[in-house]
Amino acid sequence: MDYQKYADTLQVIKGFCAKSDGKDKLTALVQYLCLYLSAGQPGNLKKVQASVTAARKVFRIMRPLETMTGLLTQPGFQGKQSLHQEALAKLKDVLMATYFAADHVVWAYQIGLVTDKKRGERAQKVSLWSWALGSVLTMVIEADAILSLSSRRMAGETDAEWAKRQEVARQEINGRLLVFIHGALQALTAAGLLQLYPFKPRTVGMLGTLASALNCYFLLPPFPKRAAPASKPALAAANGAVEGKLAAKVA
């Protein structure tokens with residue numbers, strides 16, 4: 001058994017669990033998995049789902065401010081991207097901040113701090129709509145970035161330069177495509193919770209489980225880099241040097 005690899009895996013899990021957002025996404029995974037397994041029917045799994053849904057709210061305190069930090073510190077357009085890309089990113093931040101803020105009101109209603117039922121239901125709809133639209137904007141932003149990466153070969157570019165640039169672009173496209181798929185899964189989950197489509201509870205649970213699993217994947221810290229094992233000749237030379245030093249000390 002490779003104990004070093006085992007230790008590295010534990011370190012990655014520890015780094016993931018150290019993040020409050022990581023705990024939020026992990027409990028979301030449990031929440032939607034329970035919805036998928038229970039198919040929305042009463043029972044123990046339904047009780048676990050309700051309990052975990054309420055527990056998630058604690059990890060979201062101050063998330064509206066965290067989401068809006070970029071917009072508050074740099075409210076204008078910086079010119080680092082095209083105008084429409086910056087505008088979409090800022091609009092997405094506003095929608096996601098609204099999603100978290102409205103979700104706080106929902107939590108207050110669930111624990112009895114807000115007693116107005118209509119206000120609680122309205123906050124629930126605002127939260128889900130903001131989440132859905134923010135996820136759609138994620139898809140638009142990523143699709144626009146993917147299309148911009150599909151560039152043509154430059155004049156005078158060598159085969160090696162062209163291949164290198166294409167490889168870098170391919171890797172970035174693969175990463176952005178995964179974010180695009182995640183945005184689509186979140187948008188469909190929100191649409192199902194809003195009952196915009198006649199999704200069954202098990203379908204919503206499956207979509208939410210996949211979206212939450214991707215969220216957890218995105219938040220995982222990188223595995224520690226391990227040094228390559230020494231070659232046999234190098235190892236033999238090192239052992240010989242150690243033996244020589246020990247012989248010298250004994251002498």
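**Figure 1. Overview of the predicted chain.** The accessible surface of the protein chain comes to about 16200 Å², and 64% of that belongs to carbon and sulfur atoms. Accessible areas come from the Shrake-Rupley method with a 1.4 Å probe, and for residues only the protein chains shown count as cover. This is a predicted model, in which local features need pLDDT of at least 70 and side-chain atom pairs count only at pLDDT 80 or more, while totals for chains, interfaces and linings use all residues. Residues are numbered from 1 along each chain as its sequence is written, and side-chain values use heavy atoms, leaving out hydrogens and water. The protein chain holds nine helices and zero strands. Its pattern along the sequence reads α-α-α-α-α-α-α-α-α. Helices (H or I, at least four residues) and strands (E, at least two) are DSSP runs, numbered from the N terminus. Of the 251 residues, 30% are buried. Buried means under 20% relative accessible area, exposed over 50%, and partly exposed in between (1.4 Å probe, protein chains only). Among contacts with a separation of 6 or more, 71% join residues 24 or more positions apart. A contact means heavy atoms within 4.5 Å.

**Figure 2. Packing of α7 against α8.** Two packed helices are described by the angle between their axes and the distance between the axes. For α7 and α8 the angle is about 145 degrees, and the axes lie 9 Å apart. The axes are lines fitted to C-alpha atoms, for helices over the stretch in contact, and angles run from 0 to 180 degrees between N-to-C directions. The crossing of α7 and α8 is left-handed. That term applies if the near helix is turned anticlockwise from the far one by less than a right angle; clockwise gives right-handed. On the α7 side, the contact includes Leu178, Val179, His182, Leu185 and Gln186. On the α8 side, Val204, Leu207, Gly208, Leu210 and Ala211 are among the residues involved. By class, this contact has twelve nonpolar, six polar and no charged residues. Ala, Val, Leu, Ile, Met, Phe, Trp, Tyr, Cys and Pro count as nonpolar, Asp, Glu, Lys and Arg as charged, and the others, Gly among them, as polar.

Figure 3. α7 has 35 residues and reaches 51 Å from its first C-alpha to its last, close to the 51 Å expected at 1.5 Å a residue. The expected span is 1.5 Å times one less than the number of residues in the helix. α8, with 19 residues, should span 27 Å, and its end C-alpha atoms are 27 Å apart, which agrees. Buried residues of α7 include Ala169, His182, Gly183, Leu185 and Gln186. In α8, the buried set includes Val204, Gly205, Leu207, Gly208 and Cys216.

**Figure 4. Two loop residues with positive phi.** Most residues other than glycine have a negative phi. Ala39 has a positive phi, near 55 degrees. Ala39 sits in the loop between α2 (20-38) and α3 (44-56). Gln195 also has a positive phi, of about 60 degrees, although it is not a glycine. Gln195 lies in the loop between α7 (159-193) and α8 (201-219). Gln195 is exposed, at 69% relative accessible area.

Figure 5. Leu149 belongs to helix α6 (residues 117-149). Leu149 touches Ala169, Glu172, Ile173 and Arg176, not counting residues up to four places away in sequence. Asn174 is in helix α7. Asn174 is partly exposed, at 47% relative accessibility. Asn174 and Ile146 are 28 residues apart along the chain, and their C-alpha atoms are separated by 9.0 Å.

Figure 6. Gln31 is in helix α2. Gln31 counts as buried, at 8% relative accessibility. Leaving out residues up to four places away in sequence, Gln31 touches Gln49, Val52, Thr53 and Arg56. Lys57 is in the loop between α3 and α4 (63-73). Lys57 is buried, with a relative accessible area of 9%. With residues up to four places away again not counted, Lys57 touches Asp103, Trp107 and Gln110. Lys57 and Val106 are 49 residues apart in sequence and 9.5 Å apart in space, C-alpha to C-alpha.
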